[in-house]
Amino acid sequence: MDNLTFGLTMIVIGMGGTLLVLSLFAILMNFLKMVFPFKEEKDQ
Amino acid sequence: MFEAIVNGISGLGTGFVNLHWSNLVMIAVGCLLLYLGIKKDVEPLLLVPIGFGAILINVPLADLMGDEGFLRTIYNMGIANELFPLLIFIGIGAMTDFGPLLENPKIFLLGAAGQFGIFLTIGLALIFGFSKLDAVAIGIIGACDGPTAIYVTSKYAPHLLGAVSVAAYSYMSLVPVIQPPIMKLLTSEKERTVVMEPATKPVSRSAKIVFPIAVTVVGGLIAPKGLPLIGTIMLGNLLKECAVVSRLTKASENEIANVVTLFLGISIGATMDGRIFLTPQTLLILGFGFLAICLDTVCGVLFGKLMYFLTGGKINPLIGAAGISAYPMAARVVQKEGQKYNKLNFLLMHAVGANTGGQVGSVMAAAIMLSVLHGMGII
């Protein structure tokens with residue numbers, strides 16, 4: 001594989017993939033907060 | 001008898017006879033690292049052992065990195081097999097509070113944008129003629145994360161370990177100098193003075209316990225080659241959040257982290273032999289490392305501006321600069337810069353959220369990078 005193809009692939013998949021995965025984590029966190037809501041007495 | 005005496009005496013001072021000019025320069029570099037660590041308080045936990053290791057390896061004929069040298073033993077024990085950075089990561093996970101991030105999960109996106117410099121730098125390094133794996137090792141300096149940089153470099157470009165490690169740790173400590181001009185350049189007065197509302201809903205203990213488990217499983221399934229990095233930082237965090245293994249948590253944060261940091265530092269210093277380290281390539285690597293962190297900050301702040309527009313002005317773009325993994329320094333820089341333009345602005349907790357998002361982001365960026373390399377058949 002030539003360097004240009006490699007570089008562009010890394011840039012596109014690297015940046016896009018990192019953004020997508022962390023967006024997924026953000027959705028996952030919102031889901032966890034819904035499933036395990038904060039309870040005043042229990043969590044303090 | 002006389003001959004024996006002469007032969008014995010000739011064994012003394014051979015270090016002077018075999019001294020190369022590059023050894024002298026590297027001994028001076030080692031002293032500079034010691035000065036930065038001791039006098040200027042620049043990442044002393046790493047720069048002091050690295051600096052001393054660099055001095056040791058540049059004294060000729062001691063053979064400390066020979067097959068039976070003690071530095072080779074330590075190097076093989078934990079650098080050659082990537083164990084040391086992973087053990088440090090457990091300690092880092094145990095010291096990190098993901099609470100501010102979990103209270104406002106969209107801040108995760110800033111942690112992603114703060115890693116874009118890694119990939120842009122890989123592209124630039126390729127243009128300058130570095131090989132694919134060398135470019136990857138150079139780009140990972142932009143992760144602003146010592147263990148990640150050491151893990152990737154020791155595995156795929158071990159001949160660059162000294163330069164990459166020195167660049168990573170030195171530039172991390174220069175974040176308070178590098179970031180503010182970029183933050184000011186890319187934001188308007190109005191944007192810098194945005195006051196962000198504090199998070200109203202705290203996160204439950206159960207969510208904080210499930211978070212590291214979920215990230216490990218999901219992140220590992222997406223990017224399996226990065227699971228050692230993801231798994232160790234999340235293990236450390238789980239130890240902390242479950243609160244039932246305080247002895248393990250304390251050991252991870254203290255004894256393990258401290259011993260491994262010492263061995264890690266001295267082994268990295270041991271790779272800085274003058275004949276290998278002092279090349280034009282090393283200067284280029286140091287330059288690219290600086291560029292990677294600048295690009296991270298640029299991308300983080302620009303993404304912060306995008307979020308400012310999309311949220312109708314609720315997000316202060318300055319917190320985008322905290323999306324890099326230099327924790328907690330980048331968060332403190334954002335707090336300080338925010339207060340410069342609006343004394344009533346307390347951005348710290350939001351910046352800490354972005355900063356911890358950057359920690360997860362840097363680990364995931366490295367994991368994705370390694371998995372893509374594996375998919376392309378390069379590793």
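**Reading a predicted two-chain model**

Q: Is Leu87(B) buried or exposed?
A: Count the C-beta atoms around it. A residue is buried if 20 or more others lie within 10 Å. Leu87(B) has 20 within 10 Å, so Leu87(B) is buried. Keep in mind that this is a predicted model.

Q: Where does Leu87(B) sit, and what does Leu87(B) touch?
A: Leu87(B) belongs to helix 6 of chain B. Leaving out residues up to four places away in sequence, Leu87(B) touches Ile256(B) and Val260(B). Ile256(B) is 169 residues apart from Leu87(B) along the chain, yet their C-alpha atoms are separated by 7.3 Å.

Q: How do I read the packing of helix 6 and helix 11 of chain B?
A: Two packed helices are described by the angle between their axes and the distance between the axes. Here helix 6 (residues 83–95) and helix 11 (residues 146–156) of chain B pack at about 160°, with axes 9 Å apart. Helix 6 of chain B is therefore roughly antiparallel to helix 11 of chain B. Their crossing is left-handed.

Q: Which residues make that contact between helix 6 and helix 11 of chain B?
A: From helix 6 of chain B come Pro85(B), Leu86(B), Ile88(B), Phe89(B) and Ile92(B). They meet Pro147(B), Ile150(B) and Tyr151(B) of helix 11 of chain B. By class, that contact has eight nonpolar, no polar and no charged residues.

Q: At what angle do helix 13 and helix 20 of chain B pack?
A: Use the angle and the axis distance again. Helix 13 (residues 175–186) and helix 20 (residues 329–341) of chain B pack at about 45°, with axes 10 Å apart. These two helices of chain B are therefore oblique to each other. The crossing of helix 13 and helix 20 of chain B is right-handed. Helix 13 of chain B contributes Val175(B), Pro176(B), Gln179(B), Pro180(B) and Met183(B). Helix 20 of chain B contributes Met329(B), Ala330(B), Val333(B) and Glu337(B). The contact of helix 13 with helix 20 of chain B divides into seven nonpolar, one polar and one charged residues.

Q: What stands out in the backbone at Pro328(B)?
A: Check omega. The peptide bond joining Tyr327(B) and Pro328(B) is cis, with omega about -5°. Pro328(B) lies in the loop between helix 19 (280–310) and helix 20 of chain B.

Q: What is the phi of Leu61(B), and of Glu82(B)?
A: Leu61(B) is not a glycine, but its phi is positive, about 70°. Leu61(B) is in the loop between helix 4 (44–57) and helix 5 (70–78) of chain B. Leu61(B) counts as exposed because it has 9 C-beta neighbours inside 10 Å. Glu82(B) also has a positive phi, near 60°. Glu82(B) is in the loop between helix 5 and helix 6 of chain B. With 17 other C-beta atoms within 10 Å, Glu82(B) is partly exposed.

Q: What does chain A look like, and how many of its residues contact chain B?
A: Chain A has one helix and zero strands. Its C-alpha trace spans about 60 × 15 × 10 Å along its principal axes. Of the 44 residues in chain A, 34% are buried. The interface joins 28 residues of chain A to 38 residues of chain B. On the chain A side, 18 are nonpolar, seven polar and three charged.

Definitions and conventions: Residues numbered from 1 in each chain as written. Chains lettered and ligands numbered in written order. Predicted model: local features only at pLDDT ≥ 70, side-chain atom pairs only at ≥ 80, totals over all residues. Axes fitted to C-alpha atoms, helices over the stretch in contact; angles between N-to-C directions. Helix = DSSP H or I, 4+ residues; strand = E, 2+ residues; numbered from the N terminus. Parallel < 35°, antiparallel > 145°, perpendicular 65-115°, else oblique. Left-handed = near helix turned anticlockwise from the far one by under 90°. Contact = placed C-beta atoms within 7 Å. Nonpolar A, V, L, I, M, F, W, Y, C, P; charged D, E, K, R; others polar. Buried ≥ 20, exposed ≤ 12 C-beta atoms within 10 Å, placed from the backbone.
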